[in-house]
Amino acid sequence: MTDPVTLDGEGQIGEFDEKRAENAVRELLIAVGEDPDREGLRETPARVARAYKEIFAGLWQEPQDVLTTTFDLGHDEMVLVKDIEVFSTCEHHLVPFRGVAHVGYIPSTSGKITGLSKLARLVDVYARRPQVQERLTTQIADSLMEILEPRGVIVVVECEHMCMSMRGIRKPGAKTLTSAVRGQLRDVATRNEAMSLIMAR
Ligand SMILES: Nc1nc2c(ncn2[C@@H]2O[C@H](COP(=O)(O)OP(=O)(O)OP(=O)(O)O)[C@@H](O)[C@H]2O)c(=O)[nH]1
Ligand SMILES: [Zn+2]
């Protein structure tokens with residue numbers, strides 16, 4: 001058994017513990033009735049540990065690590081990046097949920113903007129954690145508000161949750177939509193403009 005770890009105030013250990021993850025996967029395989037020492041499974045615990053390190057890499061990143069490049073371009077109209085692919089993990093069942101995120105903002109009056117790819121990186125920072133879709137959505141919106149200080153933000157996330165498709169209620173195809181709207185994007189006209197851009201196919 002690996003020694004218990006000391007959790008910090010956020011409920012996190014200091015860094016991803018690959019050995020501990022590997023041991024846990026081995027235990028899980030035994031618990032489900034498998035033989036972790038049979039040939040096909042021998043490397044699986046180490047492989048799964050490496051995969052989890054990647055899937056949960058966002059736990060070791062902060063939004064300011066990726067929203068690094070900002071420009072003062074004087075552009076003060078809406079910027080919207082839509083259909084950003086989302087792969088995340090439901091914190092209730094540890095199975096994936098996937099779909100797309102649409103992220104838009106109205107820059108500050110000085111026109112402080114960021115690189116378009118940074119919006120997609122920001123989505124990944126929060127998606128690569130054990131999540132619920134509502135929190136993923138609000139975290140993206142709130143971190144953008146804090147770092148870019150824009151006049152408004154809109155984030156819409158549409159995902160299918162494997163915990164609803166492959167088990168439990170078994171409703172493949174059901175999509176969950178969540179939104180977070182901040183600042184001037186709460187104004188009906190501006191919000192409608194953003195939504196019509198998001199919904200246009
Ligand atoms: N609000 C919200 N619920 C989620 C999300 N992902 C999964 N869930 C739900 O979390 C709930 C957990 O319910 P529980 O009753 O504790 O667990 P369960 O017995 O496995 O539930 P079932 O999935 O209904 O079989 C389920 O209703 C899931 O659909 C999410 O991102 N947001
Ligand atoms: Zn789930």
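Two residues are in contact if their C-beta atoms, placed from the backbone, lie within 7 Å. By that criterion, among contacts in the chain between residues at least 6 apart in sequence, 68% join residues at least 24 apart. The model is predicted, so local features need pLDDT of at least 70 and side-chain atom pairs count only at pLDDT 80 or more, while totals for chains, interfaces and linings use all residues. Residues are numbered from 1 along each chain as its sequence is written, and chains are lettered from A and ligands numbered from 1 in the order in which they are written.

The chain has seven helices and seven strands. These elements are DSSP runs, numbered from the N terminus; helices (H or I) have at least four residues and strands (E) at least two. Their order along the sequence is α-α-α-β-β-β-β-α-β-α-β-α-β-α. The C-alpha trace spans about 60 × 40 × 25 Å along its principal axes. Burial was assigned by counting other C-beta atoms, placed from the backbone, within 10 Å of a residue's own: 20 or more make it buried, 12 or fewer exposed, and counts in between partly exposed. Of the 201 residues, 25% count as buried.

The domain assignment gives domain 1 (1–55) and domain 2 (64–199). Such bounds come from an automatic or database domain assignment. The C-alpha centres of domain 1 and domain 2 lie 30 Å apart. A separate UniProt annotation, from an unreviewed entry, reads "domain: GTP cyclohydrolase I" and covers residues 22–198. UniProt positions are given in the numbering used here, feature names are shortened, and annotations may be inferred rather than shown by experiment. Residues 22–198 are 39% helix and 28% strand. The end C-alpha atoms of this stretch are 41 Å apart.

The largest nonpolar core has 29 residues. A nonpolar core is a set of buried Ala, Val, Leu, Ile, Met, Phe, Trp, Tyr and Cys residues joined through C-beta atoms within 7 Å. Ala101, Leu122, Val123, Ile140 and Val155 have the most contacts inside the largest core. At least two of its residues come from each of strand E2 (79–90), strand E3 (96–106), helix H4 (116–127), helix H5 (133–148) and strand E6 (152–161). Beyond its neighbours within four places in sequence, Val123 is in contact with Ile84, Val86, Ala101, Val103 and Ile140.

Val153 is found in strand E6. Val153 is buried, with 24 other C-beta atoms within 10 Å. Not counting residues up to four places away in sequence, Val153 touches Tyr105, Ala141, Leu144, Met145, Arg182, Gly183 and Leu185. Val153 and Arg201 are 48 residues apart in sequence and 21 Å apart in space, C-alpha to C-alpha.

The unreviewed UniProt entry annotates Cys90, His93 and Cys163 as "binding site". These residues span 74 residues in sequence, yet no two of their C-alpha atoms are more than 7.7 Å apart, so they gather at one spot. Cys90 lies in strand E2. Cys90 is partly exposed, with 18 other C-beta atoms within 10 Å. Cys163 is placed in helix H6 (residues 162–165). Cys163 also counts as partly exposed, with 16 C-beta neighbours inside 10 Å. Leaving aside residues up to four places away in sequence, Cys90 is in contact with Val95, Phe97, His161 and Cys163.

Most residues other than glycine have a negative phi. Leu94 has a positive phi, near 55 degrees. Leu94 sits in the loop between E2 and E3 and counts as exposed, with 11 C-beta neighbours inside 10 Å. Phi of Glu149 is also positive, near 45 degrees. Glu149 is in the loop between H5 and E6 and counts as partly exposed, with 14 C-beta neighbours inside 10 Å.
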